[in-house]
Amino acid sequence: MVLPMALRQALAAYSNEIILMVKGTSLASIITLTEATGIAQELISQTYRAMEVFIAAGAIYLVLNFITVWALARLETRLTPDRVRA
């Protein structure tokens, strides 16, 4: 009985830490910054399109952050029984 209540209380702070960790690491440790920029540099040297390559890399990073925030918000909503669901 105590564990679900403790989980609900800790989830907000823990989700903030997860989001900060994802933003602090490059592409959530799936692709390191050196790897991502190395791949981007190879594509730029082949296509001479720097803006498009870096915009695509930024879009991938944005999508990863959006999915993380969305999933944590859904989990928090699901674990809070007294919150009104829209």
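Where is E76 found? E76 is part of helix 3, which covers residues 50–79.

## Basis of the model

This is a predicted model, in which local features need pLDDT of at least 70 and side-chain atom pairs count only at pLDDT 80 or more, whereas totals for chains, interfaces and linings use all residues. Residues are numbered from 1 along each chain as its sequence is written, and side-chain values use heavy atoms, with hydrogens and water left out.

## Overall fold

The protein chain contains three helices and zero strands; helices (H or I, at least four residues) and strands (E, at least two) are DSSP runs, numbered from the N terminus. The order of elements from the N terminus is α-α-α.

Of the 86 residues in the protein chain, 16% are buried. Buried means under 20% relative accessible area, exposed over 50%, and partly exposed in between, with a 1.4 Å probe and protein chains only. Among contacts (heavy atoms within 4.5 Å) with a separation of 6 or more, 62% involve residues 24 or more positions apart.

Helix 1 has 23 residues and extends 32 Å from its first C-alpha to its last, close to the 33 Å expected at 1.5 Å a residue. The expected span is 1.5 Å times one less than the number of residues in the helix. At L11, helix 1 bends by about 40°; the bend at a residue is the angle between axes fitted to the seven residues ending there and the seven starting there. For the 30 residues of helix 3, the end C-alpha atoms lie 44 Å apart, which agrees with the span of 44 Å that 1.5 Å a residue should give.

## Packing of helix 1 against helix 3

Two packed helices are described by the angle between their axes and the distance between the axes. Helix 1 and helix 3 pack at an angle of about 180°, and their axes are 10 Å apart. Helix 1 is therefore roughly antiparallel to helix 3. Axes are lines fitted to C-alpha atoms, for helices over the stretch in contact, and angles run from 0 to 180 degrees between N-to-C directions; angles under 35 degrees count as roughly parallel, over 145 as roughly antiparallel, 65 to 115 as roughly perpendicular and the rest as oblique.

The residues making the contact include L7, L11, S15 and I18 of helix 1 and Y61, V69, L72 and E76 of helix 3. By class, this contact has 11 nonpolar, four polar and three charged residues. Ala, Val, Leu, Ile, Met, Phe, Trp, Tyr, Cys and Pro count as nonpolar, Asp, Glu, Lys and Arg as charged, and the others, Gly among them, as polar. The buried residues of helix 1 are L11, S15, I18, I19 and V22, and they pack against helix 3. In helix 3, V53, N65, T68 and L72 are buried.

## S15 and E76

S15 lies in helix 1 (residues 2–24) and counts as buried because its relative accessibility is 5%. Not counting residues up to four places away in sequence, S15 touches L72 and E76. E76 counts as partly exposed, at 21% relative accessibility. The C-alpha atoms of E76 and L11 are separated by 6.7 Å, although these residues are 65 residues apart along the chain.

## The loop residue Y48

Y48 occupies the loop between helix 2 (33–47) and helix 3. Y48 is exposed, with a relative accessible area of 74%. Most residues other than glycine have a negative phi. Y48 has a positive phi of about 60°, although it is not a glycine.
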